[in-house]
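Subject: Structure handover and notes

Hello,

Please read them with the model open beside you.

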Amino acid sequence: FWLGHNGRCRYYGKKCIDLFWQGGQATSYVAKFYLGMNSMSLIRKKSELKLNKEVVREAIAAMKVAADNSDWNFSNKFRLLQAEHLSLSKRYDTFMYDESIES
């Protein structure tokens, strides 16, 4: 993801989530967060839109559950995913970004 290899990141990210789930839910949630952010990058590049939009929805749902269980650890990630998702649909809201930074 950091090097711009988004396709590979998605492939290995999905594999890692299954492995991380066995090791603990918190690590799996973090992997889902990065997978969601990576999928938004792929959506911006117009790559496999339908698949990546579903990954983003799953990541947001997972972060909501994680934030409900551990607000101090996951609420900022949840809000950042929401803000990025809104920006993709041209409903940019700086408040959402500010809120994710402040939490």
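The axes are lines fitted to C-alpha atoms, for helices over the stretch in contact, and the angles run from 0 to 180 degrees between N-to-C directions.

This is a predicted model, in which local features need pLDDT of at least 70 and side-chain atom pairs count only at pLDDT 80 or more, while totals for chains, interfaces and linings use all residues. Residues are numbered from 1 along each chain as its sequence is written, and side-chain values use heavy atoms, with hydrogens and water left out.

Overall layout

The chain has five helices and zero strands, where helices (H or I, at least four residues) and strands (E, at least two) are DSSP runs numbered from the N terminus. Along the sequence the pattern reads α-α-α-α-α. Of its 103 residues, 38% count as buried; buried means under 20% relative accessible area, exposed over 50%, and partly exposed in between (1.4 Å probe, protein chains only). Contact means heavy atoms within 4.5 Å. Among contacts between residues at least 6 apart in sequence, 51% join residues at least 24 apart.

Helix 2

Helix 2 covers residues 25-44, which is 20 residues, and spans 29 Å from first C-alpha to last, close to the 28 Å expected at 1.5 Å a residue. The expected span is 1.5 Å times one less than the number of residues. Buried residues in helix 2 include Tyr 29, Phe 33, Gly 36, Met 40 and Ile 43. An α-helix has 3.6 residues a turn, so residues three or four places apart point the same way. After helix 2 comes Lys 46, with a positive phi near 60°.

Ser 39 is a residue of helix 2 and counts as buried because its relative accessibility is 0%. Setting aside residues up to four places away in sequence, Ser 39 touches Asn 52, Val 55 and Val 56.

Helix 2 against helix 4

Two packed helices are described by the angle between their axes and the distance between the axes. For helix 2 and helix 4 the angle is about 15° and the axes are 11 Å apart. The two helices are therefore roughly parallel to each other. Of the residues in this contact, 11 are nonpolar, three polar and three charged. In this count Ala, Val, Leu, Ile, Met, Phe, Trp, Tyr, Cys and Pro are nonpolar, Asp, Glu, Lys and Arg are charged, and the others, Gly among them, are polar. On the helix 2 side the contact includes Phe 33, Met 37, Met 40 and Arg 44, and on the helix 4 side Phe 74, Leu 81, Glu 84 and Leu 88.

Arg 44 belongs to helix 2 and counts as partly exposed because its relative accessibility is 44%. Apart from neighbours within four places in sequence, Arg 44 is in contact with Glu 84, Ser 87 and Leu 88. Arg 44 and Leu 88 are 44 residues apart in sequence and 7.5 Å apart in space, C-alpha to C-alpha.

Helix 3 and its two partners

Helix 3 has 21 residues and reaches 30 Å from first C-alpha to last, close to the 30 Å expected at 1.5 Å a residue. Among its buried residues are Asn 52, Val 55, Val 56, Ala 59 and Met 63.

The axes of helix 2 and helix 3 come within 8 Å and cross at roughly 145°. This contact has 15 nonpolar, three polar and two charged residues. Among them are Phe 33, Ser 39 and Met 40 in helix 2 and Asn 52, Val 56 and Ala 66 in helix 3.

Gln 25 is also in helix 2, and its 44% relative accessibility is why Gln 25 counts as partly exposed. Gln 25 and Ala 66 are 41 residues apart in sequence and 8.8 Å apart in space, C-alpha to C-alpha.

Helix 3 (residues 49-69) and helix 4 (residues 71-88) have axes that come within 7 Å and cross at roughly 150°. That angle is why helix 3 is roughly antiparallel to helix 4. The residues of this contact divide into nine nonpolar, three polar and three charged, including Val 56, Ile 60 and Met 63 in helix 3 and Phe 74, Phe 78 and Leu 81 in helix 4.

Regards

Key
Parallel < 35°, antiparallel > 145°, perpendicular 65-115°, else oblique.
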